[in-house]
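Thank you all for coming.

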Amino acid sequence: MDKSFQEEYRSLGLNIAFYRKKAGYTQMQLSEALNIDRSHMSAIELGNVGVSLDVVFKLCRVLCVSAATLFDFR
């Protein structure tokens, strides 16, 4: 992960956590739906790791949001 984008990863993680909670998922439930480890899901939401486009697209499907919505950093 390029540390110069740390703020963007943090913002993405906050959006993912917001839409996860809005959809009624726990981190464990969402990580199982995405077929990733819960600790990795936590790291994504905290902005500590980069996230692949495959995971982003799966997130969009599971959370019923567009990629543009996840990347809308207000």
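Let me start just after helix 1, where Gly 24 takes a positive phi of about 85 degrees. Helices here are DSSP runs of H or I with at least four residues, and strands are runs of E with at least two, numbered from the N terminus. Before I go further, please keep in mind that this is a predicted model, in which local features need pLDDT of at least 70 and side-chain atom pairs count only at pLDDT 80 or more, while totals for chains, interfaces and linings use all residues. Residues are numbered from 1 along each chain as its sequence is written, and side-chain values use heavy atoms, with hydrogens and water left out.

Is Asn 35 buried or exposed? At a relative accessibility of 68%, Asn 35 counts as exposed, where buried means under 20% relative accessible area, exposed over 50%, and partly exposed in between, with a 1.4 Å probe and protein chains only. Cys 64, also not a glycine, has a positive phi near 55 degrees; Cys 64 sits in the loop between helix 4 and helix 5, and with a relative accessible area of 69% Cys 64 is exposed.

In the loop between helix 2 and helix 3 we also find Ile 36. Leaving aside residues up to four places away in sequence, Ile 36 touches Ser 31, Met 41, Ile 44 and Val 55, a contact being heavy atoms within 4.5 Å. For Val 55, which is 19 residues from Ile 36 along the chain, the separation between the two C-alpha atoms is 8.8 Å.

Now to helix 1 itself. Its 18 residues, 6–23, should span 26 Å at 1.5 Å a residue, and the end C-alpha atoms are 26 Å apart, which agrees; the expected span is 1.5 Å times one less than the number of residues. Within helix 1, the buried residues are Ser 11, Leu 12, Gly 13, Asn 15, Ile 16, Ala 17, Tyr 19 and Arg 20. What covers them? The cover includes helix 2 (27–34), helix 3 (38–46), helix 4 (53–63) and helix 5 (67–70). Glu 8, by contrast, lies in helix 1 but is partly exposed, at 36% relative accessibility. The C-alpha atoms of Glu 8 and Ser 66, which are 58 residues apart in sequence, are 17 Å apart in space.

Finally, the chain as a whole, which has five helices and zero strands. The radius of gyration is 11 Å, close to the 11 Å that the globule rule gives for 74 residues, so the chain is as compact as a globular protein of that length; the radius is taken over C-alpha atoms, and the rule is 2.2 Å times the number of residues to the power 0.38. Along the principal axes, the C-alpha atoms fill a box of roughly 30 × 25 × 20 Å. Of the 74 residues, 36% count as buried, and of the contacts with a separation of 6 or more, 62% are between residues 24 or more positions apart.
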